[in-house]
Amino acid sequence: MQKTVRRIGLDFDNTIACYDTVFCQVAMAEGLISEGSNLNKNQVKALLHQAGQDKTWTRLQGLVYGPEIGRAKPFPGVVEFIEGARTKGWDVVVVSHKTPVPVIGEPWDLHTAARDWLSEQGFFERGLEHEKVFFEPTREAKIRRLIGIDCKIFVDDLPEVFLEATFPANVERWLHGQQEGPWRTFQDWSLVLPWLS
């Protein structure tokens, strides 16, 4: 009798990779905000939006997710979670909505940048497998992928993903963030390994 594979999917941006200080650093380097600013991603976005610089914000995202991705750090505990999940017999995959190149700005290869970052941060040495990293060009394609590979659990930082009409009801939803809802919510990766049986 074939054993059922237990598979958990993880989003990439803001779930595995932490950009808390990166947007501010790059925005300062680009002269978009004042030197010495201490703003998080959403504050930088709001500041540029208020200034009518939405296209500048989109270009900044391309820089951060492309050539500047090396400034990002893994969220504390996420590498250990992947190791622990595999020890418990779970198959771990990354399924993320990421366009191949930025919508605005230089055509950086965002998929290669993210894969290189995972390699440089040691994820492939500690349990993640190269062929189990999927970057999809749309949110719809991301959801189709996690259905196609039969994820039992999916972890994301965006509740909007869980609220999509096509998000499968039989996939357990874990939110890496603060917004309460009909899903498990956490902020600290080091606390969630016991949730896996």
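This is a predicted model: local features need pLDDT of at least 70, side-chain atom pairs count only at pLDDT 80 or more; totals for chains, interfaces and linings use all residues.
How much space lies in the largest pocket? The figure is about 1100 Å³.

**The chain as a whole**

The protein chain has seven helices and eight strands. Its radius of gyration is 17 Å, close to the 16 Å that the globule rule gives for 197 residues, so the chain is as compact as a globular protein of that length. The C-alpha trace spans about 60 × 35 × 30 Å along its principal axes. Of the 197 residues, 47% are buried. Among contacts with a separation of 6 or more, 61% are between residues 24 or more positions apart.

**The largest pocket**

The lining of the largest pocket consists of 33 residues, and N14, K41, Y65, D157 and L158 are the ones nearest its centre. Two or more lining residues come from each of α2 (41-50), α3 (54-65), β4 (90-97), α6 (139-148) and α7 (159-163). Helix α3 gives the largest share, five residues. By type, the lining divides into nine nonpolar, 13 polar and eleven charged residues.

**The loop between β1 and β2**

N14, one of the residues nearest the centre of the largest pocket, lies in the loop between β1 and β2. Its relative accessibility is 16%, and because buried means under 20%, N14 counts as buried. N14 is not a glycine, yet its phi is positive, about 70°. Most residues other than glycine have a negative phi.

D11 is found in the loop between β1 (6-10) and β2 (17-18) as well. Is D11 buried or exposed? With 5% relative accessibility, D11 counts as buried. Leaving aside residues up to four places away in sequence, D11 touches I16, V95, S96, H97, K142, F154, V155, D156 and D157. With one of these, K142, the contact is polar: the side chains of D11 and K142 meet at 3.1 Å. D157, also touched by D11, is among the residues nearest the centre of the largest pocket.

Helix α1 (residues 22-29) is mostly covered, with six of its eight residues buried. These are V22, F23, C24, V26, A27 and M28. Against which elements do the buried residues of α1 pack? They pack against β2, α2 and α3. After α1 comes G31, with a positive phi near 75°.

In helix α4 (residues 78-87), the buried residues are V78, V79, F81, I82, G84 and A85. Their packing partners are β1, β3 (73-74), β4 and β7 (172-176). An α-helix has 3.6 residues a turn, so residues three or four places apart point the same way. Helix α4 is followed by G89, whose phi is positive, near 95°.

**Positive phi values**

| Residue | Phi | Note |
|---|---|---|
| N14 | about 70° | not a glycine |
| G31 | near 75° | follows α1 |
| G89 | near 95° | follows α4 |
| D150 | about 65° | not a glycine |

D150 is found in the loop between α6 and β6 (153-156). With a relative accessible area of 35%, D150 is partly exposed.

V101 is found in the loop between β4 and α5 (110-120). Its relative accessible area is 37%, so V101 is partly exposed. Apart from residues up to four places away in sequence, V101 touches P107, W108 and L110. How far apart are the C-alpha atoms of V101 and G181? They are separated by 33 Å, and the two residues are 80 residues apart along the chain.

H111 is found in helix α5. Its relative accessible area is 18%, and H111 is buried. Not counting residues up to four places away in sequence, H111 touches K98, T99, P100 and F135.

Note on methods. Residues are numbered from 1 along each chain as its sequence is written. Side-chain values use heavy atoms; hydrogens and water are left out. Helices (H or I, at least four residues) and strands (E, at least two) are DSSP runs, numbered from the N terminus. Buried means under 20% relative accessible area, exposed over 50%, partly exposed in between (1.4 Å probe, protein chains only). A polar contact is a pair of N or O atoms within 3.5 Å; within protein, one must be able to donate a hydrogen and the other to accept it, and residues adjacent in sequence count only if both atoms are side-chain atoms. Contact means heavy atoms within 4.5 Å. On a 1 Å grid over the protein atoms alone, a cavity is a set of points where a 1.4 Å probe fits but cannot get out, and a pocket is an open set with protein on both sides within 12 Å along at least five of seven lines; lining residues have an atom within 4 Å of a point. Grid points are joined across faces, edges and corners, and a volume is the space filled by probe spheres set on the points. Ala, Val, Leu, Ile, Met, Phe, Trp, Tyr, Cys and Pro count as nonpolar, Asp, Glu, Lys and Arg as charged, and the others, Gly among them, as polar. The radius of gyration is taken over C-alpha atoms; the globule rule is 2.2 Å times the number of residues to the power 0.38.
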